[in-house]
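Please keep the sequence and the model open while reading.

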Amino acid sequence: MSLTKSPIILRAGPKAAEHIRKNGLQASDIAVIPAAAGGPKGLILNELDQWLFGDWLANSPRQRSLIGASIGSWRMAAASMADPAKGFKRLADLYCQQTYSAKPSSSEVTQVLSDLLHELVNAHIDEIVDQPLHRLHILTIKGRGLLRAPQRSFSTKAGFAAATLANITSRSNLARHMERVIFSDQRDNLAWMKTKFDAFPSEFAALTKANLQTALLASGTLPLIMDPVRHIPDAPAGTYWDGGLIDYHLALPYSRLCMQAAQSTSANLVLYPHFTDHIIPGWLDKAFAWRRAHKGKNLHWLDNVVLVAPSSEFVRSLPRQKIPDRNDFVFHGLNHGARIAEWQQTIGASAQIRDAFAEFVNNPNPESLQKF
């Protein structure tokens, strides 16, 4: 397959690339799967997700950490179901079918997405939380300072305005306004994340059957567009929002897994199915290209990462030459049918991403791997 015409782009850190050159890429190598925030963007990975978790990874069972923020946490919850392919298909169907009034209130959006999550996970809570091998970790943020317990829309807006201004100066300054709370499968020690690695305070709460659905809702709660989540069972008191505010593309210290790999027979690679070929640390960092993970001092964090994403050529073949995003709600307005059809067409096209990655796995060509 010509690289210029491939529907995917593959990036690999130096240790991952070396491993693939020597050994190819086996499902048994994969220890961690991150899943980014990004709302409808996650739909472009649906067919790949179904194949990865329903076929390739399932045929090489081992303990794996699944870590997600926002729509990424919803995808990883689907991955943890007894039938992950069916779970991903259900997630895509439910997500596409969202409909709203012309000017939805935050309560309306919250109710629609709460109902979506109920339909997705309510019958599968036991199998997700007790999954024999997968260890699910859901990223959220809890407000600090003005965002600790805002009571009115005005105070919430003021809190996020202050957070945005702080982040312009330095991402580290954002830690004065929000902290990371991870709802974490307690069977997974997640040692590589529990040693401090950035400015944000990080608290780990046990993921339980009582808080799974609420934690997933909190992880995808968009500031000002949705009502904040204030009461999560078995969790620290506070006001919760979208985990993507801190961990938009999950720029995490994955290379710490390499030390564990040196003490075992497993490669401990990170497989990152992503909707773009770069990693932006936080949602508020989108405008700052120099903060991307491959440009900063933490580039080594990606040493053992293999990232697969749609290529620019493939994206140009999609409806309106783009992957789905939240602006589609505005573009199509109340013409829900047109948006749904467009998204479903894109999901169908995503089978090309699945097939291209499966081809790489079966016939690995190290020359197709690009650096971060």
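Helix H3 (residues 71-79) packs against helix H4 (residues 84-96) at an angle of about 145°, and their axes are 7 Å apart. Axes here are lines fitted to C-alpha atoms, for helices over the stretch in contact, and angles run from 0 to 180 degrees between N-to-C directions. Helices (H or I, at least four residues) and strands (E, at least two) are DSSP runs, numbered from the N terminus. The model is predicted: local features need pLDDT of at least 70 and side-chain atom pairs count only at pLDDT 80 or more, while totals for chains, interfaces and linings use all residues. Residues are numbered from 1 along each chain as its sequence is written, and side-chain values use heavy atoms, with hydrogens and water left out.

On the H3 side, the residues in contact (heavy atoms within 4.5 Å) are Ile71, Trp74, Arg75, Ala78 and Ala79, and they meet Pro84, Gly87, Phe88, Leu91 and Tyr95 of H4. By class, this contact of H3 with H4 holds eight nonpolar residues, one polar and one charged. In this classification Ala, Val, Leu, Ile, Met, Phe, Trp, Tyr, Cys and Pro are nonpolar, Asp, Glu, Lys and Arg are charged, and the others, Gly among them, are polar. H3 is mostly covered, with nine of its nine residues buried. Buried means under 20% relative accessible area, exposed over 50%, and partly exposed in between (1.4 Å probe, protein chains only). The buried set of H3 includes Gly72, Ser73, Met76 and Ala77. Ala82, in contrast, lies in the loop between H3 and H4, and counts as exposed because its relative accessibility is 66%. Ala82 and Glu127 are 45 residues apart in sequence, yet their C-alpha atoms are 6.2 Å apart in space.

A cavity is a set of points, on a 1 Å grid over the protein atoms alone, where a 1.4 Å probe fits but cannot get out; a pocket is an open set with protein on both sides within 12 Å along at least five of seven lines; lining residues have an atom within 4 Å of a point. Grid points are joined across faces, edges and corners, and a volume is the space filled by probe spheres set on the points. The count comes to one cavity of 30 Å³ or more, and the largest cavity has a volume of about 50 Å³. Its lining consists of Gly42, Leu43, Asn46, Asp49, Ile71, Arg75, Leu91 and Tyr95, which divide into four nonpolar, two polar and two charged residues.

A nonpolar core is a set of buried Ala, Val, Leu, Ile, Met, Phe, Trp, Tyr and Cys residues joined through side-chain atoms within 4.5 Å. The largest one has 111 residues, and Trp56 and Phe357 have the most contacts inside it. Apart from it lies another core, of twelve residues, among them Phe160, Ala163, Leu174 and Phe200.

Beyond its neighbours within four places in sequence, Trp56 is in contact with Leu25, Gln26, Ala27, Ile30, Trp51, Leu271, Phe357 and Val361. Ile30 lies in strand S2 (residues 30-35) and counts as buried because its relative accessible area is 0%.

Asp328, in helix H12 (residues 327-332), counts as buried because its relative accessibility is 0%. Not counting residues up to four places away in sequence, Asp328 touches Arg320, Lys322, Gly333, Arg339, Glu342 and Trp343.

Two loop residues remain. Leu190 lies between strand S5 (178-184) and helix H8 (191-194), and its phi is near 45°, a positive value in a residue other than glycine. Asn268, between helix H10 (257-262) and strand S8 (269-273), also has a positive phi, of about 55°. Asn268 is buried, with a relative accessible area of 6%.
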